[in-house]
Amino acid sequence: MGSRHFVIIGNGISGITFARHLRKGDDQARITVISGESPYFFSRTALMYVYMGQMKWEHTQPYEPHFWKKNRIDLLQDWVKTLDFETKILGFASGETLTYDVLVLATGSKPAFFGWPGQDLKGVQGLYTKQDLETMEAATSKPIQRAVIVGGGLIGIEMAEMLTYKKIPVTFLVRENRFWEQVLPEQEAELVQKHISAYSIDLRLQTELKEILADEQGNVRAVITTAGEEIPCEFLGIATGVTPNVDFLKSTTLAVGKGVKVNSYFESSVPDVYAIGDCAEFEQPPGPGRRTLEQVWYTGRMHGETLAHNFCNKPVSYQPGVWFNSAKFFAIEYQTYGIVRPDAVAGVPCFYWEHHLGKVSFRMEMDEAGKIAGVINLGFRLRHEFFDRAIREKWSGQQVIQRLEEGVFDPEFYAPYHLEIQNAFQDQFGVPISTSKQSFLQKIFGARL
Amino acid sequence: MRKIEIIGLILFLVGMSVFTILPFSSQYRLSEEQLRSSVKDIHRDQLAELMQPMYGQTYTSTHSFLTAYSSYFKPYNDELKAKQAWDQVIWDDYGFVLAKAAMDGPSKTNPWASLGLSIGLIVLGGIMFNLGGNGASHESLTHTGVFHSSLKNKGLLGLLTGSYLILFYVILYWFPAYLAPLVWMVEPISQFLSGGPASQWFLYGLVYTLAIGVMGVRMLLKYRGNRYQQLRTASLIFFQTAFAFIIPEVLVLLNKPYFDFKNIWPLDYDFFYDYQLDTFISSGGLGLFMLVWGILLIVIGVPVFTYFYGKRWYCSWVCGCGGLAETVGDEFRHLSDKSIKAWQWERWMIHGVLALAVVMTALTLVNYFTSFSLLGQVTNQLHSMYGFAIGSAFAGVVGTGFYPLLGNRVWCRFGCPLAAYLGLVQRFKSRFRITTNGGQCISCGNCSTHCEMGIDVRAYAQQGQNIVRSSCVGCGVCASVCPRGVLKLENGPEEDRIHEFPILIGNDSIKLRA
């Protein structure tokens with residue numbers, strides 16, 4: 001192994017996880033992490049909480065500054081401008097250079113913009129980087145009349161919540177027929193839509209952005225939708241997805257598609273150059289039902305873990321397990337385990353239950369044989385370990401519902417939604433389920449259904 | 001709702017102003033009869049003679065009254081000390097009782113009106129403010145804005161509030177005479193409950209209980225979708241009101257020893273003091289029951305309950321200090337220091353105080369059972385040092401006065417010897433833990449930010465490791481503030497409770513320790 005110099009471009013979750021695990025497995029390696037965005041690793045997912053005064057910037061940093069020195073991980077704040085894969089020399093915006101033995105690209109994503117007229121105006125932005133947070137804070141530091149958000153996904157709804165905190169009225173443009181159509185089935189989407197309308201979000205489905213209008217100072221003044229409507233606004237959030245942050249690599253010899261092309265060992269087309277996290281594009285989907293781009297927090301973490309393992313041990317190919325994810329739509333939490341298709345498929349049994357107050361729901365998709373394929377739960381919490389096992393071991397839907405109490409992860413004394421779910425499943429599928437018993441304390445003090 | 005909130009705030013501020021001004025609105029005129037009925041038999045004649053020049057004089061401020069009192073009292077006492085006539089030296093501080101006896105002012109002549117205009121308005125305004133503010137806010141915004149608030153993020157309002165609290169505690173512990181006018185307005189309540197006169201401690205107990213109640217209402221509203229928080233808050237309000245405030249006063253009314261049945265040694269550090277033991281033993285069956293009850297709580301209650309539920313059964317469901325921290329202190333929880341350095345300090349300090357309390361109590365008991373032949377007055381000096389440094393300065397002034405500066409659990413985290421004892425049980429022999437939900441953590445840091453005990457919860461959650469920390473009081477806010485449903489307070493089998501090498505679910509390529 002020797003003392004090779006590992007240089008990692010990007011200090012997000014994948015790059016940092018790689019660096020930490022490499023250090024654990026290889027005491028000799030020289031490790032340098034480069035980021036122009038921020039001196040220290042921070043949690044991108046917490047940007048919204050800083051904006052809403054729920055956290056301070058330093059709280060987003062999972063490790064104290066002394067951690068890096070102690071683990072001999074050198075941090076360099078600069079932007080990489082040139083890469084020479086022959087001489088293995090990186091050139092920086094500052095004019096400095098650095099030589100690597102192994103280069104790991106972990107440059108993440110950037111908000112996708114689709115060439116709208118006026119998209120470079122002041123007050124038009126995505127939300128991905130620390131700098132995005134700062135410009136958003138500046139743009140909304142004075143009271144404004146209205147903001148518009150484009151894009152019905154997770155970042156869009158986060159931005160809507162952030163602006164709501166500042167009491168800024170929000171118009172939310174969603175191209176599809178429902179919120180997060182690629183992921184959420186109709187009933188869940190409706191539940192979320194109803195919930196956000198309680199926060200006075202003006203949700204416009206099947207509405208796209210066509211053009212952005214400027215005032216004399218070059219600030220956004222209004223948007224025009226594809227329906228031809230002009231909506232005045234002083235802030236426009238673009239949340240139409242993210243795309244790998246690889247522009248600076250496109251002029252090199254590296255094979256780049258949407259992202260940096262890699263095999264299942266994260267090897268790029270150039271020797272000693274690897275790519276992990278959002279910026280990596282697998283040649284083949286890494287698992288059934290997976291995409292060639294994996295752009296969530298925990299996949300970035302797993303890429304980093306696996307690649308570090310491969311430098312310290314016998315290399316293995318990357319194999320993600322059962323799919324899972326989570327999010328939060330204002331006050332409603334969302335989790336999913338396994339695969340649930342957003343649109344019903346004929347002949348595939350699917351169970352759906354919704355609480356009468358319309359803030360809690362549970363869906364389980366099964367295969368033709370009645371085995372669990374995946375679940376989506378809103379408004380209450382389910383245990384990852386339980387569902388990972390159930391899906392892996394192909395439990396029958398009946399068995400999952402029978403044992404559902406073990407799978408609930410809500411705090412103590414919360415309403416026992418699993419009892420209603422058990423009854424509903426019994427009614428819908430005509431199979432016997434013996435409902436769970438409640439403890440004496442839960443019966444007396446627990447929240448009611 | 002906004003209107004109710006604003007009116008509430010105005011009423012609260014008016015009440016606070018009256019409460020603050022009242023101590024300056026009185027005058028003092030001491031008579032010999034007042035003096036004679038206020039001091040102990042053994043000092044009666046000496047003091048009656050010493051204070052002769054004060055009789056009939058009118059003093060227009062507490063300060064001038066106390067200055068005059070000292071000018072007669074101090075030279076006399078100092079002379080005795082110089083002569084080393086220790087048995088004649090007067091160790092009692094009669095400043096407060098004399099000031100109270102001699103006082104004349106609106107709070108004495110119209111106690112109910114004074115009470116209503118000060119504490120009454122504070123309570124009413126506080127409840128209105130909380131109803132208006134928290135009743136209207138959306139669930140998703142429960143924890144937002146704390147770092148944009150001057151009060152909650154060490155801005156000017158935070159500094160002012162902290163200073164006011166610190167000043168209040170300093171006066172309460174060391175200059176209580178200045179509170180005499182405030183004590184007079186709660187005199188009727190004290191007479192009703194215990195049949196006896198009100199002391200500064202009665203005033204403090206009443207204010208403390210009301211504060212937990214008013215801010216408890218706020219917690220109930222803030223967490224209206226969270227049954228765990230609601231039950232916990234209701235429990236804290238109940239134990240403070242019934243066990244810490246009303247029952248001890250009623251015991252006095254019934255001529256029984258003043259006793260808080262939920263206070264446990266070594267937090268209740270004078271439980272084994274000689275005079276306490278004498279009181280228990282000389283108070284018949286109930287006194288003996290108190291003694292046995294107190295010991296049972298220490299040797300059986302703490303280990304057994306903590307084994308099954310973790311230290312939370314006490315610290316965030318029962319304890320009075322916890323009660324104040326979780327209600328009044330709730331909006332300062334994020335100010336706790338999360339650094340590893342703070343954790344190191346914490347471990348030395350809290351276990352140091354525990355060791356100190358144990359040694360002090362052991363010496364006291366040895367001394368007690370050897371009829372003071374072994375150590376004589378040493379234990380008395382130890383008691384007064386501990387009472388000053390730990391009981392008053394640490395628990396009171398720093399523990400509560402510094403809420404807006406250091407967070408709401410400074411005492412519980414760095415100083416409380418009972419918390420240390422509970423924590424040792426929780427760490428090494430308990431079914432309690434906070435579990436993390438597989439691979440769902442996104443390292444956002446909300447849990448760590450809002451942990452009042454300064455535990456870096458995220459450090460565990462992001463590697464799928466159960467949180468088993470001696471300091472965790474099980475308030476459950478980490479679980480509530482988590483946006484991804486990752487944290488859950490659980491009691492379960494001891495097996496696999498502590499993961500040395502946790503594995504995050506999701507990566508089938510490798511199994512490695514995080």
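# Close-up views of a predicted two-chain model

View 1. B:C321 is part of helix α16 of chain B, residues 320-327; helices here are DSSP runs of H or I with at least four residues, strands are runs of E with at least two, and both are numbered from the N terminus. This is a predicted model, in which local features need pLDDT of at least 70 and side-chain atom pairs count only at pLDDT 80 or more, while totals for chains, interfaces and linings use all residues. Residues are numbered from 1 along each chain as its sequence is written, and chains are lettered from A and ligands numbered from 1 in the order in which they are written. B:C321 is buried, with 23 other C-beta atoms within 10 Å. Burial is judged with C-beta atoms placed from the backbone: a residue is buried if 20 or more others lie within 10 Å of its own, exposed if 12 or fewer, and partly exposed in between. Leaving aside neighbours within four places in sequence, B:C321 is in contact with B:G399, B:W411, B:C412 and B:C416, where contact means C-beta atoms, placed from the backbone, within 7 Å. Follow the chain to B:C416, 95 residues apart from B:C321, and you will find the two C-alpha atoms separated by 9.6 Å.

**View 2. Helix α21 of chain B and what covers it.** Helix α21 of chain B holds 12 residues, 417-428. At 1.5 Å a residue it should span 16 Å, and its end C-alpha atoms are 17 Å apart, which agrees; the expected span is 1.5 Å times one less than the number of residues. Buried residues of α21(B) are B:P417, B:L418, B:A419, B:A420, B:Y421, B:L422, B:G423 and B:Q426. Their cover includes α14 (284-309), α15 (312-315), α17 (340-369), α20 (410-414) and β4 (432-436) of chain B.

**View 3. A three-stranded sheet in chain B.** The strands run in the order β2-β1-β3 in an open, antiparallel sheet. β2 (58-59) and β3 (103-104) of chain B stand at the edges with a single partner strand each, so one side of each has no neighbour in the sheet. Strand β1 of chain B, residues 27-29, pairs with β3(B) in the antiparallel sense over two bridges; for a pair to count, DSSP must find at least two bridges between the strands. Look for B:Y28, which stands opposite B:M103 in β3(B).

**View 4. Two domains of chain B.** The domain assignment gives domain 1 (27-104) and domain 2 (148-399) in chain B, with bounds that come from an automatic or database assignment. The C-alpha centres of these two domains of chain B lie 31 Å apart. Seven residues of domain 1 of chain B are in contact with eight residues of domain 2 of chain B. On the domain 1 side, α4 (62-82) and α5 (95-102) of chain B each supply at least two residues, and α5(B) gives the largest share, four residues.

**View 5. Where chain B meets chain A.** Here 43 residues of chain B are in contact with 48 residues of chain A. On the chain B side, the elements giving two or more residues are α12, α22 (446-449) and β5 (487-491) of chain B.

View 6. A:R4 sits in the segment before β1 (5-9) of chain A. A:R4 is partly exposed, with 16 other C-beta atoms within 10 Å. Not counting residues up to four places away in sequence, A:R4 touches A:A29, A:D101 and A:V102. The C-alpha atoms of A:R4 and A:I31 are 8.4 Å from each other, although 27 residues apart along the chain. Beyond four places in sequence, A:I8 is in contact with A:G15, A:F18, A:A19, A:V33, A:I34, A:V104 and A:A106.

**View 7. Backbone details in the loops.** In chain B, the loop between α12 (227-253) and α13 (274-281) contains B:P266, which is joined to B:W265 by a cis peptide bond with omega of about 10°. B:N255 lies in the loop between α12 and α13 of chain B. Phi of B:N255 is near 65°, a positive value in a residue other than glycine, and B:N255 is exposed, with 8 other C-beta atoms within 10 Å.

Note on methods: Contact = placed C-beta atoms within 7 Å.
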